[in-house]
2 protein chains.
Amino acid sequence: MPGANLQILRVPLHGSCVVSRMVQRLFGYAGKILNVELTRGRISASPLSRELAETFIGGVGIASRILYDTVPPWVGAFDPLNHLVFATGVLTGTRVPCAGRHFVAAKSPLTGYFGDSNAGGFWGAELKFAGFDAIFFSGRAPKPVYLSISDGEARIEDASAYWGMNAREADRAIRKDLGDRNIKVADIGVAGENLVRFASVMSEDAGRAAGRCGMGAVMGFKNLKAIAVRGHNSIPVADDEALKEKATELVKMLNEDERTTGYTSKYGTAGYYSSCVELGDSPVRNWTRGYFEDEEKITGAPGGGYQEILTGRRACIYCPIGCRRVVTVEGGPYATEPRVEGLEYESLAALGGDCFVSDIKAIAKANDLCNLHGMDTISAGATVAFAMECFENGIITKEDTNGIDLRFGNAEALVMLVDKIARREGIGRILAEGTRRAAHVLSGAERYAIHVKGLEVAMHDPRAFPAMCATYAASPVGADHMEGETTFVEGLLHVPYPLLELDGLDRLTAKRKAEAAFKVQNLWHVIGNCMGYCLIACATGATVYPLEYNLAFFELATGRKMPFREAMRIGERVFNLKKAFNVRHGATRAEDTLPERLLKEPHTEGGSKGQVAMLGEILPEYYELRGWDPKTGKPTKRKLEELELFDVARDLWE
Amino acid sequence: MPGANLQILRVPLHGSCVVSRMVQRLFGYAGKILNVELTRGRISASPLSRELAETFIGGVGIASRILYDTVPPWVGAFDPLNHLVFATGVLTGTRVPCAGRHFVAAKSPLTGYFGDSNAGGFWGAELKFAGFDAIFFSGRAPKPVYLSISDGEARIEDASAYWGMNAREADRAIRKDLGDRNIKVADIGVAGENLVRFASVMSEDAGRAAGRCGMGAVMGFKNLKAIAVRGHNSIPVADDEALKEKATELVKMLNEDERTTGYTSKYGTAGYYSSCVELGDSPVRNWTRGYFEDEEKITGAPGGGYQEILTGRRACIYCPIGCRRVVTVEGGPYATEPRVEGLEYESLAALGGDCFVSDIKAIAKANDLCNLHGMDTISAGATVAFAMECFENGIITKEDTNGIDLRFGNAEALVMLVDKIARREGIGRILAEGTRRAAHVLSGAERYAIHVKGLEVAMHDPRAFPAMCATYAASPVGADHMEGETTFVEGLLHVPYPLLELDGLDRLTAKRKAEAAFKVQNLWHVIGNCMGYCLIACATGATVYPLEYNLAFFELATGRKMPFREAMRIGERVFNLKKAFNVRHGATRAEDTLPERLLKEPHTEGGSKGQVAMLGEILPEYYELRGWDPKTGKPTKRKLEELELFDVARDLWE
């Protein structure tokens with residue numbers, strides 16, 4: 001029974017706010033969780049328990065604990081009993097550089113298993129300033145609503161007027177109607193309203209996306225259009241002075257490094273596109289090509305076509321790097337509003353090379369449409385690429401597309417199709433279900449659906465970076481790079497990772513790659529998914545942000561010692577609880593695999609020529625390291641005990 | 001991957017009809033399966049394979065095999081990839097008496113596990129006359145459609161004009177528009193359209209219901225309003241002469257028996273209401289009372305209040321008994337159309353005693369509304385009873401009900417609430433989710449939600465008939481009497497069951513009750529759920545239809561020997577495949593239980609005074625008999641091998 005196992009939380013699902021029960025303020029935290037039951041419209045607050053904070057830290061850690069307890073296997077993704085968690089990192093809202101992430105988690109409509117996604121920007125910090133570490137939504141509102149939170153108070157408001165608006169319009173309209181332009185809004189566009197299975201949760205005028213796993217569709221199902229937040233509190237930290245001093249020291253170091261952070265600042269993550277294409281890492285033509293001749297027309301690297309549309313840069317809260325781009329397409333068929341959010345690496349690769357499109361203006365337009373409609377750019381791009389390959393093979397015809405010539409590289413078709421998917425128009429109705437479900441309807445298309453567990457594979461090719469085999473195949477959420485991107489430790493950049501002891505890996509071999517995936521997943525789960533650091537600031541990201549600093553900031557903020565080994569253990573704990581959720585929901589070992597294409601079709605050109613994904617070599621060793629039963633895929637009893645999860649996930653073994 | 005394991009079926013999901021592949025006609029079968037992919041609107045037919053027919057017989061047997069193969073755990077009940085199967089019994093459409101059932105199966109929106117339901121009447125036979133043993137729906141239509149089948153041809157037609165109609169209106173309108181009043185229609189009412197989780201599939205002018213498990217909601221989700229069937233073929237049987245002769249012999253015997261069949265014919269199943277109340281078997285006031293003083297006001301037994309509204313009787317195809325009633329409420333607030341379908345025992349108990357309502361006219365009206373809206377009378381009645389108890393305990397208030405005084409026994413409230421649930425109006429919006437989900441929203445209501453795995457408990461009390469503990473707790477679909485009702489072998493009637501060796505059971509003890517549940521479930525699964533006999537004609541039903549006749553008819557129809565032991569093994573096989581489906585979808589041993597109320601609150605009066613449900617005594621023995629692991633609830637490898645299911649459900653163990 002959901003709720004029956006909430007001994008850690010003791011959250012009253014209904015009733016009045018009981019903040020007085022909080023006996024001691026936890027440094028780094030706002031200290032409260034907001035519980036919103038949407039069916040009847042009841043709100044309550046409960047204190048964040050010390051035990052929960054200490055065991056699961058924050059963000060996805062807290063979400064995994066809540067979801068494991070409250071969402072049993074018989075609850076579907078589109079079910080009032082699916083719970084939707086918005087949670088912040090413990091460092092979110094503090095002055096720690098590059099640690100402003102918020103997390104959205106629920107049972108995923110795309111995978112049917114654990115789903116989480118995260119975004120940067122300012123929304124997460126604002127939620128903490130308003131007094132809450134997390135929001136826990138249950139039920140389904142009878143009509144469109146939004147949640148309005150202001151300095152410790154929360155109200156459910158009518159959102160009928162905003163329903164049907166795109167994510168940017170709704171953001172602006174809500175802020176205008178509430179009379180405070182500094183309010184931070186997280187919302188959905190029409191994709192979420194239409195239950196597109198890869199709909200995202202947008203924030204900051206549709207500039208930031210919690211894109212993966214279809215969390216926007218869960219919001220849409222719940223008739224929850226938006227969460228508007230305003231807060232004026234600050235987050236108390238254990239040693240403010242030392243934290244500021246350490247931050248100043250780090251910022252200086254980051255700004256000076258031209259290999260990584262300096263480069264990222266100047267060229268954005270899209271600045272890595274050329275390198276990834278060179279290495280055979282960035283998917284081209286729905287993962288059939290090892291190289292993209294036209295990459296220079298779209299890359300963000302110096303001299304690339306991206307420069308044509310670039311009109312500025314932006315940074316998330318307390319970020320000295322500022323990897324975000326601002327772009328404008330002036331005039332023509334792909335004109336955008338001035339100064340819209342630019343393309344990240346993943347979006348560029350998915351909507352560009354993967355669709356074999358080399359018109360940067362069309363790609364920017366498709367990206368902007370994904371943001372406006374609230375749709376994951378990775379899944380959207382991958383789904384369009386899938387549809388293009390279906391079209392070239394006669395599985396989708398012009399009759400299906402209303403005359404659109406859906407061949408690879410057709411920029412116009414890309415833009416039109418993104419729009420149709422969000423609106424579920426024509427063939428978009430089938431594609432809005434994601435590649436896995438679409439392939440069941442489009443007979444013969446299964447081999448073109450490049451996904452793991454239903455989640456379209458992110459834009460790094462495991463044929464180029466073998467450790468990604470394990471990251472993609474074994475991650476509970478499916479093939480998401482945010483589960484632990486190993487490209488950096490495998491040689492995409494050449495910076496050292498002393499604590500991880502992963503230096504000197506040979507890119508194109510399977511050697512020690514299980515270990516790399518294991519360590520990077522654990523690390524990212526604690527540093528990124530629980531503490532709130534962004535990918536760039538995770539020790540193995542595109543940065544020289546050292547792991548010692550990640551951990552030192554945590555200690556200065558919370559007052560709690562966090563040795564490296566303990567941090568890794570917490571990351572492993574959270575990762576395993578997500579895995580346990582999946583096992584409870586029916587996931588088997590057989591689903592920890594990769595698409596046939598990656599396993600069997602070697603690259604015939606480019607920097608990873610001749611390579612296939614070496615999953616067969618890597619996965620058994622990975623399972624061994626994880627302490628998972630190689631037959632069932634289930635975490636062993638011993639592993640759960642070691643991670644202090646046995647009592648939580650006892651039903652896995654009893 | 002769904003479909004990947006279809007080695008027995010080899011059903012081409014798309015493409016043209018390949019009936020020519022059928023090399024040899026199987027006696028008793030139409031010989032073809034119809035495959036309808038609703039998303040794109042593709043239809044194909046495939047031959048019924050001999051292997052499938054021999055291993056799984058028909059009906060739920062075939063459905064369980066298809067669903068196990070095609071619906072993986074990540075597919076939700078409301079998901080285009082949930083498959084909806086309509087299947088007939090092998091004897092359906094032959095001249096075997098009392099064997100006209102059809103079956104509807106899918107992943108259940110109510111339980112999240114295997115769901116099946118069945119109905120009598122004429123629809124199933126008509127489907128076979130039209131050339132098909134089963135229909136296999138996948139996908140989701142873009143707009144309301146219905147399937148029209150006529151003598152081997154099938155077309156998907158626009159149903160926009162019928163959407164919003166109740167099930168009777170739609171049935172009549174479709175027959176009128178197709179210009180043939182002899183067409184048989186299975187359809188949904190507004191409850192199915194509104195995804196009420198216990199919506200039923202109606203047929204025969206809303207006179208017959210496949211009520212349980214929410215199959216009507218799956219139809220509604222698929223935008224499938226109806227299936228209209230007309231056929232003129234007959235079903236070839238192995239020995240037509242001998243079958244007719246045997247049937248004549250049986251009919252004579254049935255008509256002459258006054259203890260069972262004769263009584264059922266005269267008084268209907270509602271004629272047993274008084275006996276059930278006397279024994280403390282029929283739930284009263286949401287299962288809190290052991291006796292119902294007002295039972296005579298509503299019972300169908302001689303002299304009971306039911307007589308006031310009775311205006312006739314009806315029979316299903318080739319049925320010499322005719323347990324169905326025809327009723328009319330003339331004038332007043334509860335007026336019905338003339339001559340609508342009357343109440344069965346289950347409907348009378350659920351909408352009557354369980355809600356503490358003793359106004360037979362209101363109960364008949366509520367029953368008619370359930371039929372018109374297409375809603376399971378058991379779950380609807382149980383949900384109203386649940387709501388009434390919530391109201392009496394202040395959990396639902398007059399504010400929630402728009403002023404309705406929802407106390408137990410309020411006949412007017414019963415009728416209004418049934419209507420509101422189907423329309424999802426007011427509090428009906430919450431109750432339309434069923435008692436389990438409603439109890440999660442209505443804080444404190446969990447103890448009033450009388451369900452197993454989300455399916456509201458059918459109208460026989462396991463405190464009165466202990467073997468029902470196992471039937472309810474361990475049946476894969478939840479607490480459904482149609483999974484194997486043991487009341488008859490436990491002493492509701494006093495007829496012998498020689499082959500089953502179950503004579504002389506002592507009603508109020510646990511002794512041999514695990515064995516009774518085990519045997520009756522297996523028997524009903526083969527005789528009822530696969531062959532197509534109705535409850536009344538299953539050897540342990542309210543009849544003297546001997547098991548030898550059940551099996552003899554099967555042999556005469558199919559030409560296949562069916563010894564008792566082999567029949568029981570097939571029943572056990574089907575039951576275990578349903579169980580295996582649940583295990584794959586995350587069901588655990590802990591869910592094989594009963595509501596607290598039945599386990600802990602003894603009857604304080606009536607024929608089962610002092611009794612609680614003796615599940616703790618019965619279930620371990622039952623598990624032993626079943627060969628299920630007592631810790632995990634999983635069928636053991638050995639059991640699966642013994643039942644030749646290991647290859648089918650290999651993923652359970654690998």
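Predicted model: local features only at pLDDT ≥ 70, side-chain atom pairs only at ≥ 80, totals over all residues.
A:Phe78 and A:Phe221 make a stacked aromatic pair, with 5.7 Å from centre to centre and 25 degrees between the planes. I checked the label: planes under 30 degrees apart count as stacked.

Then I asked where the two residues lie in the chain. A:Phe78 is in the loop between helix 2 (59-70) and strand 3 (84-88) of chain A, while A:Phe221 is in helix 6 (residues 215-221) of chain A, so the pair ties together parts that are 143 residues apart in sequence.

On to another pair, A:Tyr146 and A:Tyr162. Their ring centres are 5.8 Å apart and the planes are at 80 degrees, so I wrote this pair down as edge-to-face. A:Tyr146 belongs to strand 7 (residues 145-150) of chain A, and A:Tyr162 to the loop between strand 8 (153-158) and helix 4 (167-178) of chain A, so I noted that the pair links distant parts of the chain, 16 residues apart. Both A:Tyr146 and A:Tyr162 are buried.

I also looked for charges over rings. Back at A:Phe221, I found the charged end of A:Arg140 over the ring, 3.8 Å from its centre. In chain B, B:Arg285 lies over the face of B:Phe356, and there the ring centre is at 5.2 Å.

Last, I went for groups and totals. A:Tyr533, A:Tyr545, A:Tyr549 and A:Phe553 are joined into a cluster by ring pairs.

Key
Residues numbered from 1 in each chain as written. Chains lettered and ligands numbered in written order. Heavy atoms only, no water. Phe/Tyr/Trp six-rings, centres within 6.5 Å; stacked < 30°, edge-to-face > 60°. Helix = DSSP H or I, 4+ residues; strand = E, 2+ residues; numbered from the N terminus. Buried < 20%, exposed > 50% of the residue type's maximum accessible area, 1.4 Å probe, protein only. Lys NZ or Arg CZ within 6 Å of the ring centre and 35° of its normal.
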